[in-house]
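Please read the following report alongside the sequence and the coordinates.

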Amino acid sequence: MKEKEITPINSYDHNQQDAIDEEAQKNLTFTIGEEAYGIQIHNITQIIGIQNITFIPNQPSYVKGVINLRGQIIPVMEVRTKFDKPVIEYDDRTCIIVVNKDDIYVGLIVDRVSEVLNIKESEIASTPTFNDKVKIQYISGIAHVNENVIILLEIDKLLENE
Amino acid sequence: MANQEKDPMIDMYVHETFQLIEQLEKIIIDSEKSKNVEAAINEIFRIMHTIKGNSMMMKYDNISELAHVTEDLFDYLRTKQPQNINYSNITNVVLDSVDFFKDEVTKIQNEQPSSNKADDLIEVIVDLLESLKFMETPVLEEEKSVENQTKDIKVPPREMLDNFFYVKIDFEDECQMENIRSYSIVHNLDEFGCEIYHFPKDLEDMDEGLDTIKTQGFQLALNSLQNKKELECYFERVSFLEGLEIKEITQQEYESFGVSFNKHISEKDITDEKMPVGNLESPEEKASIEKTEERLNNEKDENTIEDNKKAVVEQAQVKQQKYINVNVEKLDMLMNLVGELVVSEAMVTQNPELKKLSIPSIEKSAAQMRKIINEVQDTVMEIRMVPLAMTFQRMNRIVRDMSVKTNKEVDLVLIGQETEVDKNIIEHIADPLMHLIRNAIDHGLETPEERKKVGKPEKGIVTLEAKNTGGDVWIVVKDDGRGLDRDKIINKADKQGLLKKPIEDYSDKEVYGLIFEAGLSTKEAVTNFSGRGVGMDAVVKELEKIGGIAVVESEKEKGTSVTLRIPLTLAIINGMVMNVGDNKFTLPITTIRESFKAKKKDIVIDTDKNEMILVRGECYSVIRIHERYGLKTDIVDLEEGIMVMLENEDHKACLFVDQLIGEYQVVVKSFSKYIQKIQGISGCAHLGDGGICLILDPPGIIT
């Protein structure tokens, strides 16, 4: 990851460089409350609407239980709770993003799924030290795309149990 | 070449080598037991040779080098038949090599880089061979072995080779790696000192060689010292052999084969059985064509007239193709699919809308379908069943090693090897069995002197027995040693603070059960094999993974027996589904004694506020599932809900749940690693409506 040589606003200037095929990664962005987050797309298996969740006792508060995804039983965790944000009701925009990390499938419950974005390395700034609501350890970087700020999450860290 | 078709080739290699290694281990241990190593020399030589050949072909040099020197050693033993040899040295060396092979092949299987070379071991073997030679004939004409390492083959002088043969080999359709097998045949014959022409000539060329062998068989023309009988003997031992044809030929014919085989290489297009018949001038080609025609005619005969022969041949073929190797993953997948099928069958037939209609014809068809699905399920389960024999046989090695190192004479008696259990279970019982057998020999059995004193035969007996009892398989490890020492165990446990009640309150059975606690070993000194106090609790932990338990029985001076009770299969259980609030739970039906409504007058609350219930004069503790797992439910009054009495071992307890839903066959799924372990819940299962229920684990709940 590059150093913070690029200030947030000038990200648009890089359009002309697109042809040079700068090292870009595809990220799926989603929101929790007002904040936008991104995870690398190659970790993602699929995105589904909210489902019946079977409660599993004696788990950390953010592990909500398991869902039955065409015969496969997949644990789901609420990213909101993981980041210590207030609980809200699920609605029809609530989604489960199923990710696969080393053959362990986990569903991430998020408020809304936004889009798939190409994020170039030059648009990523390394982890800052503000925003105490989200634990810094899950963050791999902050991206500035089209004047939006997207917090890039590290899947491995996100799935680690505390 | 190993890179091109990596998977199938390596898989085959690994599979075959493992089989050979296992065979080898068994042979060497059996032969040592019967004190007749001489008889096994040939067999060991052959296996080493095959391993070497295969490994060379696959370019696993470290394996082939070691196999090569071991082969040299046995070649020497085989040909010179020296007298008065200390075979235990040789056995040790072979077993060491076996261990090395195992390690290496496992690495290959896991696609790990093979790092170590077997140089030390090779040196030991070479030294051993040298010393043997020295003992036998101090002045040997050639320093054979050292040079052999660089692998040069000494071909006897030509005039001695006066038998000429034509050999055609057909491999079974399914055997794969035909070219490698052919290569190893040629290689073996080389060492016999044969002069060989073979077709196809280029065995390393994957496509050409393989196809030709597949379609036309592997043809050899050889010039050999051996007579026909010996050759037949040799070829019959080649694995996956389907057809074999050996003919004595004259020297001219032999030469002509040499030419024609070489010719084939230059005319690669001719791969079909039918070779061009027209304009043949050279006698060589003629000879070869005649041969081919003859063969074709033979085949024709077989096909049309010789029905008798044909029947025999066919029978043989049927017999040979009875077994196929299947990837376990595929079986797992099939198993999962059948599980899904069972569930979706329930989903359809139990559909409330459909039930309301009550159409007899549909019910009839549904019953028929259920019957078939049940049969499919049973068959799939059966496929996954594997006899315990392999696992049991492996224990011979442990017993042998232990008896050598502890200086105790031990006989291992195996009973019920044919008992079958699920493939997944087998993988989990090998280690526990190993621990138990080591323990039995190290702790259980006395030294020969001690045994003599108490009037027992000097040779100790360890029995390994497997039997089927309904839904469980019992595996018993029994020794006829000194038995467990109650006082010693209980004192030790007391010192470690493992006791939970006064010493007097412990029954013998409970005391013996203590040996499964972590950190308890009554052996004063720690040996290499046991005494650290980690073994027995490891046994229990491993068993827990497959839902098994261990029970110890012991009698002073008579011996100890440990019984492992293991479920036959893990995949599908008959369960009682019940609910607590919105949550559904399943209990294996075999663990439920009864279920009933509680009456107020039967409920007892002790001073610690523990609830208990009286049933026919007996008192059982009540476990409220909703409290245990912090679940929301409206039914908290013991009289409102339902009591389910469950039994595990000697313990009984009553579970309090909201209501029973019914008995279902459920497909057990384990939790993802992401879910943290929950005491009392062993997994989850799909329900007919697509929902998920949690499977309660009786031992976990009661404790």
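## Two loop residues with positive phi

Asn146(A) lies in the loop that joins strand S10 (139-145) to strand S11 (148-153) of chain A, where helices (H or I, at least four residues) and strands (E, at least two) are DSSP runs, numbered from the N terminus. Although Asn146(A) is not a glycine, its phi is positive, at about 50°. Asn146(A) counts as exposed because it has 9 C-beta neighbours inside 10 Å; a residue is buried if 20 or more other C-beta atoms lie within 10 Å of its own, exposed if 12 or fewer, and partly exposed in between, with C-beta atoms placed from the backbone.

Asp103(A) sits in the loop between strand S6 (95-101) and strand S7 (104-110) of chain A, and its phi, near 65°, is a positive value in a residue other than glycine. With 7 other C-beta atoms within 10 Å, Asp103(A) is exposed. As background, most residues other than glycine have a negative phi.

## Basis and numbering

This is a predicted model, in which local features need pLDDT of at least 70 and side-chain atom pairs count only at pLDDT 80 or more, while totals for chains, interfaces and linings use all residues. Residues are numbered from 1 along each chain as its sequence is written, and chains are lettered from A and ligands numbered from 1 in the order in which they are written.

## Make-up of the two chains

Chain A holds 2 helices and 11 strands, and from the N terminus its elements follow the order β-β-β-β-β-α-β-β-β-β-β-β-α. Of its 162 residues, 31% count as buried. Among the contacts in chain A between residues at least 6 apart in sequence, 57% join residues at least 24 apart, a contact being a pair of residues whose C-beta atoms, placed from the backbone, lie within 7 Å.

Chain B has 23 helices and 22 strands, and buried residues make up 33% of its 703 residues. Of the contacts in chain B with a separation of 6 or more, 70% are between residues 24 or more positions apart. Within this chain, Arg624(B) belongs to strand S17 (residues 618-624) and counts as partly exposed, with 18 C-beta neighbours inside 10 Å. Arg624(B) and Cys654(B) are 30 residues apart in sequence, and their C-alpha atoms are 8.5 Å apart in space.

## Two helix pairs in chain B

The axes of helix H13 (residues 328-349) and helix H15 (residues 360-383) of chain B come within 10 Å and cross at roughly 160°; axes are lines fitted to C-alpha atoms, for helices over the stretch in contact, and angles run from 0 to 180 degrees between N-to-C directions. H13(B) and H15(B) are therefore roughly antiparallel to each other, the term for angles over 145 degrees. Their crossing is left-handed, which is to say that the near helix is turned anticlockwise from the far one by less than a right angle. On the H13(B) side the meeting residues include Leu331(B), Leu334(B) and Met335(B), and on the H15(B) side they include Ala366(B), Met369(B) and Arg370(B). By class, this contact has 12 nonpolar, 2 polar and 2 charged residues; Ala, Val, Leu, Ile, Met, Phe, Trp, Tyr, Cys and Pro count as nonpolar, Asp, Glu, Lys and Arg as charged, and the others, Gly among them, as polar.

Helix H3 (residues 61-80) and helix H4 (residues 87-109) of chain B pack at an angle of about 165°, with their axes 10 Å apart. H3(B) and H4(B) are therefore roughly antiparallel, and their crossing is left-handed. Asn62(B), Ile63(B), Leu66(B) and Thr70(B) in H3(B) meet Val94(B), Ser97(B), Phe100(B), Phe101(B) and Glu104(B) in H4(B), and the residues of this contact divide into 5 nonpolar, 3 polar and 1 charged.

## Contact between the chains

The contact draws 17 residues from chain B and 18 residues from chain A. On the side of chain B that touches chain A, the residues divide into 7 nonpolar, 7 polar and 3 charged.

## Confidence

The model scores ipTM 0.78 and pTM 0.48. Chain B averages a pLDDT of 75, and 76% of its residues score at least 70; pLDDT is the predictor's confidence in each residue, from 0 to 100. Over residues 138-160 of chain B the pLDDT is below 50, and this stretch has 17 contacts in the model beyond near neighbours in sequence. Where pLDDT is low, the predicted coordinates should not be read in detail.

Technical notes. Angles under 35 degrees count as roughly parallel, over 145 as roughly antiparallel, 65 to 115 as roughly perpendicular and the rest as oblique. Two residues are in contact if their C-beta atoms, placed from the backbone, lie within 7 Å.
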